[in-house]
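Reader: Please give me a close look at one part of this model, going from side chain to side chain. I would like the cut-offs along the way, please.

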Amino acid sequence: DGSQSMYGRWKTGQKIVVARKLLSELLDSIAYRPDIELALRVYGHQYPVISREERNCQDTKLEVPFSKGNIPRIKKKLEAIVPKGTTLIAYALEKAANDFPVCKECRNIIILITDGIEECDGDPCAVSWALQQKGVILKPFVIGMGLSADIMKEFECVGNYFDVTRTEERRVGKECRSRW
């Protein structure tokens, strides 16, 4: 999530800083695995929100394509992300399906880190379900930051939800690692 709301403060700092740290720790925890290829897709980071009517609901980009050994490249790109736009979870998930290389023996997983809900009238639940039915991805991991209980419930249908608010950041990383 590179949307404008990631500039908000949360616990010890800005949400974007916490998200970077969380993802960086997760990357470090799997760096020893030679059989893993990683990529980074970001949404809401290229175009600013001008008004509710004037927002870019297609603002997502594959910043680092899948390859082995690209963790340093992903970390470098993470540091350069400047939150600007809106939250377009459904569209970003839909586009992410095309990011995965063709591989019959692969296990495709998406980890979504966000502090907000869909703001572009998309249906993240329907997109997640469609991708799972096509075998494109397993149920995504959704790591929420500072979300209310009502909003958390909205993500249950999207993926396996982890609330950073209720657990220490390191513990969330461990939970994700244990499911690899």
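**From a lysine to the disulfides**

Author: Happy to! Let's begin with a polar contact between the side chains of lysine 15 and aspartate 115, at 3.1 Å. A polar contact here is a pair of N or O atoms within 3.5 Å; within protein, one must be able to donate a hydrogen and the other to accept it, and residues adjacent in sequence count only if both atoms are side-chain atoms. Please keep in mind that this is a predicted model, where local features need pLDDT of at least 70 and side-chain atom pairs count only at pLDDT 80 or more, while totals for chains, interfaces and linings use all residues. Residues are numbered from 1 along each chain as its sequence is written, and side-chain values use heavy atoms, with hydrogens and water left out.

Lysine 15 belongs to helix 1, residues 15-30; helices (H or I, at least four residues) and strands (E, at least two) are DSSP runs numbered from the N terminus. With 14% relative accessibility, lysine 15 is buried. The term buried means under 20% relative accessible area, exposed means over 50%, and partly exposed lies in between (1.4 Å probe, protein chains only). Beyond neighbours within four places in sequence, the contacts of lysine 15 (heavy atoms within 4.5 Å) include Trp10, Asp115 and Met145.

Now let's turn to the loop between strand 5 (111-114) and helix 4 (124-133), where aspartate 121 sits. Aspartate 121 is exposed, at 71% relative accessibility, and has a positive phi of about 65 degrees although it is not a glycine.

On to the disulfides (pairs of cysteine sulfur atoms within 2.5 Å), of which there are three. One of them joins cysteine 57 to cysteine 120, S to S 2.1 Å. Its S-S torsion is about -80 degrees, so this disulfide is left-handed. Cysteine 57 is in the loop between strand 3 (38-43) and strand 4 (60-67) and cysteine 120 in the loop between strand 5 and helix 4, so the pair ties together parts 63 residues apart in sequence. Cysteine 120 is buried at 15% relative accessibility, whereas cysteine 57 is partly exposed at 25%.

Cysteine 103 and cysteine 106 also form a disulfide, with sulfur atoms 2.0 Å apart. Here the torsion is about 80 degrees, so the disulfide is right-handed.

Cysteine 125 and cysteine 157 pair up too, their sulfur atoms 1.5 Å apart. This pair links cysteine 125 in helix 4 with cysteine 157 in the loop between helix 5 (149-155) and strand 7 (160-163), 32 residues apart.
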